[in-house]
Amino acid sequence: MKRRDLLKGLTVLPLAGGVFSGTSASGAELANVASTAAKRDLFKELGIRTFINARATLTFMTGSLMQPEVIDAINNSSKRYCMLDELQDKVGAKIAELCHAEAATVTSGAFSAIMLGTAGVLSGLDAKKAAMIPHLEGSGMKTEVILQKGHDIGYYQAMKNCGVTMVWVETRADLEKAINEKTAMMGFMNCNTNQGQIKHKEWLEVAKKYKIPTLIDIAADVPPIENFWKFNDMGFDLVCLSGGKAIRGPQSSGVLMGKKDLIAAARLSASPRGSTIGRGHKVNKEEILGLYVAIEKFIRTGEEEWNFWMKQIAHIENAVKDIKSIKTRVFVPELANATPNLEISWDQTVIKATGQEIQKRLSLGEPGIELNAGKNNISLVTFIMVPGEEKIVAKRIREELLIG
Ligand SMILES: *Cc1c(COP(=O)(O)O)cnc(C)c1O
């Protein structure tokens with residue numbers, strides 16, 4: 001029975017008790033609700049402030065916006081069922097192939113990838129052990145993970161969730177001394193490469209020497225496109241990527257990729273398996289397929305996107321650079337969200353407002369615009385905007401700078 005026929009049928013069926021208890025909605029009314037639901041502006045209805053994000057992919061600001069192809073994949077896949085493990089097997093194989101990994105699995109974000117990867121290293125292919133995590137004492141599992149002090153970003157909590165003790169090292173001598181029979185894994189936070197004395201090659205060299213599995217967090221490190229496979233090629237056993245940064249897959253998606261046995265082991269702790277630490281890190285078919293499409297597309301068109309981001313940056317730069325005392329600078333961070341940024345700075349004897357004041361005025365304007373600010377500057381990115389929004393941003397920044 002088609003949905004329309006079903007709804008039509010409802011107009012003549014007596015709605016006695018049961019499913020629609022207490023209501024007497026006609027089929028026409030139900031159909032009306034269904035069609036207007038798609039048009040509801042829920043933000044408006046609930047009084048939630050929305051804004052243009054020219055600042056960064058920040059979780060508290062709802063990250064990034066999904067690409068249209070991702071939304072299509074979500075819509076198309078939302079109308080049918082499949083077996084979750086079969087989907088993970090097949091999508092994982094495709095992502096692994098694209099990224100030069102032996103295997104891959106979709107997780108509910110990079111944080112989840114780090115946690116599930118750590119769990120897999122601890123349990124190996126023993127499901128009984130996986131079910132004991134995070135209670136490692138007396139389990140026969142190893143209990144320590146080594147990180148460099150300079151890599152101390154909050155996200156190592158994902159490893160700690162598995163019950164391990166963090167061991168912090170600075171030099172290669174420290175590292176070799178720290179390795180013992182309890183060492184489970186050596187972690188590496190790519191965004192803090194420059195804050196650590198030991199770089200990728202040496203980290204891997206020591207890990208190979210003592211046969212310790214390695215995991216690297218590259219959550220926000222695509223682009224560049226080659227980073228999809230660079231760390232697999234380099235020899236990291238596990239690589240963790242976020243789906244909700246510049247790739248613009250679903251915000252609650254990520255990838256764990258690497259060695260076949262370790263991915264299989266990590267999946268012992270992942271949903272749908274119930275009595276495990278990872279059951280709450282659920283991803284469903286729409287997100288899994290959405291991320292797959294996002295990765296595929298980014299590999300294919302990432303370079304064109306980069307050129308488009310540069311054009312958006314140039315548009316905003318051109319809109320303000322004739323204003324008195326304004327200086328502009330385009331730069332790309334070396335690590336973490338390596339996308340084009342524009343910094344606009346001024347002489348405060350000419351333009352009195354501080355960066356923070358301009359930032360606040362833009363935030364409170366219509367539409368609201370969120371960006372970064374310093375004492376006498378503001379800075380922004382365009383890679384997470386809706387195409388076209390750069391025109392509004394350019395106009396609003398110009399207006400505010402001219403007010404001074
Ligand atoms: C964003 C980020 C994470 C977390 O990624 P999610 O996909 O939000 O879970 C972890 N590590 C680094 C370095 C990040 O930038």
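Biologist: At what angle do the axes of helix H5 and helix H13 cross?
Modeller: The model is predicted: local features need pLDDT of at least 70, side-chain atom pairs count only at pLDDT 80 or more, and totals for chains, interfaces and linings use all residues. Residues are numbered from 1 along each chain as written; side-chain values use heavy atoms, without hydrogens and water. H5 spans residues 84-98 and H13 residues 285-320 (DSSP runs of H or I, at least four residues, numbered from the N terminus). Their axes (lines fitted to C-alpha atoms over the stretch in contact, angles from 0 to 180 degrees between N-to-C directions) come within 10 Å and cross at roughly 10°.

Biologist: Is H5 roughly parallel or antiparallel to H13?
Modeller: Angles under 35 degrees count as roughly parallel, over 145 as roughly antiparallel. The crossing angle is roughly 10°. Therefore H5 is roughly parallel to H13.

Biologist: Which residues in H13 meet H5?
Modeller: Contact means heavy atoms within 4.5 Å. From H5 come Leu84, Leu87, Gln88, Val91, Lys94, Ile95 and Leu98. They meet Lys285, Ile288, Leu289, Tyr292, Ile295, Glu296 and Ile299.

Biologist: Which strand gives the largest share of the lining of the largest cavity?
Modeller: Lining residues have an atom within 4 Å of a point; among them are Gln88, Thr105, Val106, Thr107 and Arg267. Three lining residues, the largest share, come from residues 103-107 (strands are E runs of at least two), which form strand S2.

Notes
On a 1 Å grid over the protein atoms alone, a cavity is a set of points where a 1.4 Å probe fits but cannot get out, and a pocket is an open set with protein on both sides within 12 Å along at least five of seven lines; lining residues have an atom within 4 Å of a point. Angles under 35 degrees count as roughly parallel, over 145 as roughly antiparallel, 65 to 115 as roughly perpendicular and the rest as oblique.
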